[in-house]
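Tutor: Have a look at the model below.

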Amino acid sequence: MLDRGYGLGEWTMTVLILGLLLFLGLHSVRIVADGWRSAQLARLGEKRWKGLYSLVAFVGLGLIIWGYALARQQPQVLWSPPMGLRHISALLMLFSLILLAAANVPRNHIKTLVHHPMLLGTQFWAVAHLLANGNVADVLLFGGFLVWSSIDLYAAVQRDRAAGVAYEGGTMAGTLIAVGAGCALWLLLAFWLHGVLFGVRPFG
């Protein structure tokens, strides 16, 4: 049972922040300690490393979801976003989901152009949700992901330059599949799935 002197708000922020530190910290290992990561990968083996990595990531993600769910019960409002920002947010989410699809569809022009569509898509996702939400927990969650993805994108670009990485050319078919998949996922989330999963319908 929680200490009576330790309110739900403090407990909520503790859970959420701990989850963010675990999840984003884990995903920052390559940024701050790439040599250590390579050494551990060699020592433990790929399967064992991936198993431990997945376990910590799962725990961190679980704490994020739990902490954010607790925060929604007693929201600490910083500001109330106007409707216009929510419309911009919806547009940014379309770009985000197209980039997410491009990260997983082989040989598309989007990946050839931006190189790291997953990280760029995460930035769009974070900005979109910061524009549409004004609670303390929202700033922690989406702001944390925005800062992490920005740093990680910079680090990834620097690694590519140092290694002379060349990305294969895209095809029109791959690009159309990525754009189509992103648009389909956007429609699914905007008009149905987002409401089912999170209780919020972007378009009412």
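Student: How do the residues lining the second largest pocket divide into nonpolar, polar and charged?

Tutor: Ten are nonpolar, three are polar and five are charged. Ala, Val, Leu, Ile, Met, Phe, Trp, Tyr, Cys and Pro count as nonpolar, Asp, Glu, Lys and Arg as charged, and the others, Gly among them, as polar. Bear in mind that this is a predicted model: local features need pLDDT of at least 70, side-chain atom pairs count only at pLDDT 80 or more, and totals for chains, interfaces and linings use all residues. Residues are numbered from 1 along each chain as its sequence is written, and side-chain values use heavy atoms, without hydrogens or water.

Student: What makes a residue part of that lining, and which lie nearest the centre?

Tutor: A lining residue has an atom within 4 Å of a pocket point (on a 1 Å grid over the protein atoms alone, a pocket is an open set with protein on both sides within 12 Å along at least five of seven lines). The lining has 18 residues. His27, Arg30, Leu119, Asp152 and Arg159 lie nearest the centre. Two or more residues each come from α2 (29–32), α4 (46–73), α7 (117–132) and α8 (136–163). α8 gives the most, with four.

Student: What makes a stretch a helix here, and how many helices and strands are there?

Tutor: Helices are DSSP runs of H or I with at least four residues, strands are E runs of at least two, and numbering starts at the N terminus. The protein comes to nine helices and zero strands.

Student: Why is α7 called roughly antiparallel to α8?

Tutor: Their axes cross at roughly 155 degrees and come within 9 Å. Axes are lines fitted to C-alpha atoms, for helices over the stretch in contact, and angles run from 0 to 180 degrees between N-to-C directions. Under 35 degrees is roughly parallel, over 145 roughly antiparallel, 65 to 115 roughly perpendicular, and the rest oblique. So α7 is roughly antiparallel to α8. Contact means heavy atoms within 4.5 Å. Among the residues making it are Trp125 of α7 and Phe142 of α8. By class, this contact has 13 nonpolar, six polar and two charged residues.

Methods. 1 Å grid on protein atoms, 1.4 Å probe; cavity = no way out; pocket = protein on both sides within 12 Å on 5 of 7 lines; lining within 4 Å.
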